[in-house]
Amino acid sequence: MQVPAPFEYTRATSVDEAIGLLDRLGSEARLIAGGHSLLPMMKLRLANLEYVVDINDLHDELGYVRLGTDEVRIGAMTRHRELLESPELAAHFPIFADAERVIADPVVRNRGTIGGSLCQADPSEDLTAVCTTLDASCVIRGAGGERVVSMSDFFRGPYETAVEQAEILIEIRIPLRPHGSSAYAKVERRAGDWAVTSAGAAVWMDGDVISDARVGLAAVGPNATGIPAISEALRGQVPSEELYAQAGAIAAESCSPNTDNRGTADYKRHLADELTRRTLRLSVERIRAGEAGDQGTQAEGRD
Amino acid sequence: MQVTMTVNGETITREIEGRLLLVHFLRDELGLTGTHWGCDTSNCGTCVAWMDGEPVKTCTVLAAMAGGHEVRTVEGLEVDNVLDPIQEGFMQCHGLQCGFCTPGMLMTTRALLDRDPDPTEDTIREAISGQICRCTGYTTIVRSVQWAAAKEREAKAAPVEGDTESVGSAS
């Protein structure tokens, strides 16, 4: 029977109250949101806490997807299911639905949150790769105010983030850029499992030429990693299979997978290559389908 | 600590330890052993019950976290000795063999039918993808859900006799 060691449960009803509690209770206190990472770790005594601060009441305050003029803002308590079903994210960032469909299972997705996923900072976690691909930034609030950090500054190693003890991740901001699309692909051993390897891609086009592209990989390094060399190789190029292959080769070279029970390092490098190609290809296809689809509809209308 | 929640419509208050998991609260404190306790790791899904109308894995929710919320367990499906159509479906189509996964399957698929009255086989399989039937009886589980869906659609299309009053007032 797996149960956590004894701790004191308390509940915060506002972000400021949560920060105040963390400040007062000290380093033996942790926030719990969906709980599907923290509770298993507590059951296994990988996390031993004196205080657990339940922030599920903050869903009203921090559960949202807001579309602005130049960015999308996602509240940290937004649950996986809400991300999967968000029409705003589907319209602008199809990578989210791609990833959410393969994160755990529908019942777990009813509880898990984007903030919890990022703060867990598991090297195999999917939303960390999605946010890295989309060049997201994280808004962290403490008693002294808010600060905004990039994804590369947010992750400090496996299970470590820039969020300090008396701070809380409150929002994820994703820049909105025109003429782009995105995609996510994951190889897992069984439905709902952690990734053996996964890749996210985002591409922006200027006519027939790639104006910018980003690739993020999960499960092949200490944290989800963006690969600047791929962006450099793709900018200004016309999409082709050869170009995707070049990007895939860079992905395989740039990552640092370990051999473990999910697969060998060589296999994961192979997947980094293949999944990079697939997600870049799909992103470009989505951009073209969107534009061609619009033109087609107009043409039919005129006929 | 004290926790108060609604379970199958009844308000319940208990003194509990903060670390008590919802599955054990339901089974050991309330005697609602219909919710099964399986893998302990949120993989098998036999412990699924509803919190505020949504299926959750009660082995990975603290009882304290359910405080102030509405919980519905498999015991809450049957009302006044009338089975829920999803329960009937599992009976009619042999949706269970050993029955261990059944409570979770029933709660998840009941929630599915509330959202989608005519789910495809793919939709049903996706909905139960976080649940394991070690008898591997998935085909009959899918049939059971489809049976229940068809029955509910029929009931909606053709109200039973004696219900004419409400039909009349609606039109």
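Let me begin with chain B of this predicted model, where five strands form an open sheet in the order S2-S1-S5-S3-S4, with mixed pairing. The two edges are held by strand S2, residues 10–15, and strand S4, residues 54–57, and because each of these has a single partner strand, one side of each is left without a neighbour in the sheet. If you follow the strands across this sheet, neighbouring ones are turned by 40° against each other on average, with direction ignored.

Within the sheet, strand S3 of chain B, residues 48–51, pairs in the antiparallel sense with strand S5 of chain B, residues 70–72, over 2 bridges, and here B:Met51 stands opposite B:Val71. Helix H3 of chain B, residues 102–115, packs on the sheet and touches S3 and S4, its direction making about 40° with that of S3(B).

Now to chain A, and to strand S10, residues 168–175, which is mostly covered, since 7 of its 8 residues are buried. Which strands pair with S10(A)? One is strand S5 of chain A, residues 71–75, joined to S10(A) by 5 bridges and running antiparallel to it, with A:Ile74 and A:Ile172 as bridge partners. Another is strand S6 of chain A, residues 137–142, also antiparallel to S10(A) over 5 bridges, and there A:Val139 stands opposite A:Glu171.

Finally, the largest nonpolar core has 135 residues, of which A:Leu217 and A:Ala251 touch the most other members, while strand S12 of chain A, residues 195–206, gives the most to this core, with 7 residues. Leaving aside residues up to four places away in sequence, A:Leu217 touches A:Ala251 itself, and its other contacts include A:Ala129, A:Ile227 and A:Cys255.

Key. Residues are numbered from 1 along each chain as its sequence is written. Chains are lettered from A and ligands numbered from 1 in the order in which they are written. This is a predicted model: local features need pLDDT of at least 70, side-chain atom pairs count only at pLDDT 80 or more; totals for chains, interfaces and linings use all residues. Two strands pair if DSSP finds at least two bridges between them. Helices (H or I, at least four residues) and strands (E, at least two) are DSSP runs, numbered from the N terminus. Axes are lines fitted to C-alpha atoms, for helices over the stretch in contact, and angles run from 0 to 180 degrees between N-to-C directions. Two residues are in contact if their C-beta atoms, placed from the backbone, lie within 7 Å. A nonpolar core is a set of buried Ala, Val, Leu, Ile, Met, Phe, Trp, Tyr and Cys residues joined through C-beta atoms within 7 Å. A residue is buried if 20 or more other C-beta atoms lie within 10 Å of its own, exposed if 12 or fewer, and partly exposed in between; C-beta atoms are placed from the backbone.
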